[in-house]
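Me: Please take me through this structure by question and answer, with the cut-offs spelled out as we go.

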Amino acid sequence: SLPAILDAFLEWLKPRRAPDTFEWYRYRLERLAQRYPKLSASKLTCEMVEDWVDEYKLSITSRRNYFRAVKKAMKWARSRGLIAKNR
């Protein structure tokens with residue numbers, strides 16, 4: 001599931017980044033996991049991520065950061081063979 005992939009990414013990330021950086025990712029990715037709690041990670045689309053980000057009133061920079069956090073997590077999952085395709 002998407003939440004399981006995001007949790008795995010955060011577990012991997014925690015010892016490799018500063019606490020503030022880890023929290024930066026955790027905050028955004030937990031919000032995504034709450035939005036799509038039962039979704040398979042391989043079914044996540046760009047449109048779904050855009051719809052999720054659109055739910056918040058964010059500045060251009062904050063929007064970019066939300067997208068960046070998701071992209072990093074999905075790229076990590078793809079590199080570990082946890083998802084077959086990075087959409």
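Me: Is Ala4 buried, exposed or partly exposed, and what is its relative accessibility?
Reply: Ala4 lies in helix 1, residues 2-13, where helices (H or I, at least four residues) and strands (E, at least two) are DSSP runs numbered from the N terminus. Buried means under 20% relative accessible area, exposed over 50% and partly exposed in between, with a 1.4 Å probe and protein chains only. Ala4 counts as partly exposed, because its relative accessibility is 43%.

Me: Before going on, what are the ground rules for the model and its numbering?
Reply: This is a predicted model, in which local features need pLDDT of at least 70 and side-chain atom pairs count only at pLDDT 80 or more, while totals for chains, interfaces and linings use all residues. Residues are numbered from 1 along each chain as its sequence is written, and side-chain values use heavy atoms, with hydrogens and water left out.

Me: How far apart in space are Ala4 and Leu32?
Reply: Along the sequence, Ala4 and Leu32 are separated by 28 residues. In space, taken from C-alpha to C-alpha, the distance between Ala4 and Leu32 is 12 Å.

Me: What is the relative accessible area of Arg26?
Reply: Glu23, at 35%, is partly exposed, and Glu30 counts as partly exposed at 31%. Arg26 is likewise partly exposed, with a relative accessible area of 23%.

Me: Which residue in the loop between helix 3 and helix 4 pairs with Arg35?
Reply: The salt bridge of Arg35 has its closest N and O atoms 2.4 Å apart, and Arg35 itself is partly exposed with a relative accessible area of 35%. The pair links distant parts of the chain, 20 residues apart, with Arg35 in helix 2. The partner, which counts as partly exposed at 45% relative accessibility, is Glu55.

Me: What is the angle between the planes of Tyr56 and Tyr66?
Reply: Rings of Phe, Tyr and Trp (its six-membered ring) pair if their centres lie within 6.5 Å, and planes under 30 degrees apart count as stacked, over 60 as edge-to-face and the rest as tilted. By this rule the count comes to eight aromatic pairs. Tyr56 and Tyr66 form a tilted pair, 5.7 Å centre to centre, and the angle between their planes is 45°.

Me: Why does the pair of Tyr56 and Tyr66 tie together parts that are ten residues apart in sequence?
Reply: Tyr66, at 3% relative accessibility, counts as buried. The pair ties these parts together because Tyr56 lies in the loop between helix 3 (46-54) and helix 4 (60-79), whereas Tyr66 lies in helix 4.

Me: Which residues form one aromatic cluster?
Reply: The cluster brings together Phe and Tyr residues with Trp residues. Its members are Phe9, Trp12, Trp24, Tyr25 and Trp76.

Me: Where does Lys14 lie, and how far is its C-alpha atom from that of Arg26?
Reply: Lys14 lies in the loop between helix 1 and helix 2, and at 53% relative accessibility Lys14 counts as exposed. Lys14 and Arg26 are twelve residues apart along the chain, and their C-alpha atoms are separated by 9.4 Å.

Me: What is the distance in space between Lys71 and Arg28?
Reply: Lys71 lies in helix 4 and counts as exposed, at 60% relative accessibility. Lys71 and Arg28 are 43 residues apart in sequence, and from C-alpha to C-alpha their distance is 12 Å.

Conventions: Salt bridge = Lys/Arg side-chain N within 4 Å of Asp/Glu carboxyl O.
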